[in-house]
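Dear colleague,

I am handing over the structure below, and my notes on its strands follow. Please read them with the coordinates open beside you.

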Amino acid sequence: VQLQAFGGGLVQPGGFLRLSCAASGSFFGINDMGWYRQAPGKQREMVASITRGRSTKYADSVKGRFTISGDVANNAVYLQMNSLNPSDTAVHYCNAQLRRTVAEGWNDYWGQGTEVTVSS
């Protein structure tokens with residue numbers, strides 16, 4: 001199973017970025033997908049998630065600025081990040097809760113991380 005994340009970069013405060021993530025490989029199904037981030041010296045935190053039924057959840061710090069979308073059934077998720085500020089600077093990781101076979105439980109899988117830097 002591989003999760004490939006794209007779209008990070010350097011942006012000025014007030015700018016925007018769009019992150020993309022696609023899951024590939026052999027697995028039975030995905031329950032939900034999401035984005036987490038880890039800033040230097042801080043713990044990894046949930047940014048946004050979306051379920052197979054398209055229910056979404058956001059961290060309070062990004063509500064109204066970020067939008068998660070995608071099609072979990074087709075193994076893809078996106079994160080539109082608007083009104084970025086320096087506190088959003090972090091490595092952003094794609095996450096998928098999936099099971100590889102019908103007999104296996106749900107487990108978390110992680111992408112390689114894409115760096116987002118907000119600076120003037």
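**Strand pairing**

His92 stands opposite Thr114 in strand S11, a strand of residues 114-118 that runs antiparallel to S9 and is joined to S9 by 3 bridges. Please keep in mind that this is a predicted model, in which local features need pLDDT of at least 70 and side-chain atom pairs count only at pLDDT 80 or more, while totals for chains, interfaces and linings use all residues. Residues are numbered from 1 along each chain as its sequence is written, and side-chain values use heavy atoms, with hydrogens and water left out.

Strands here are DSSP runs of E with at least two residues, numbered from the N terminus, and two of them pair if DSSP finds at least two bridges between them. With strand S4 (residues 29-38), S9 pairs in the antiparallel sense over 9 bridges, and Tyr36 has Tyr93 in S9 as its bridge partner. S9 also pairs with strand S10 (residues 107-110), again antiparallel, over 4 bridges; there the partner of Ala96 is Tyr109 in S10.

Elsewhere, 4 strands form an open sheet with antiparallel pairing, in the order S1-S3-S8-S7. Its edge strands, S1 (2-6) and S7 (66-71), each pair on one side only. Between S1 and strand S3 (residues 17-24), which run antiparallel, there are 5 bridges, and Leu3 has Ala23 in S3 as its bridge partner.
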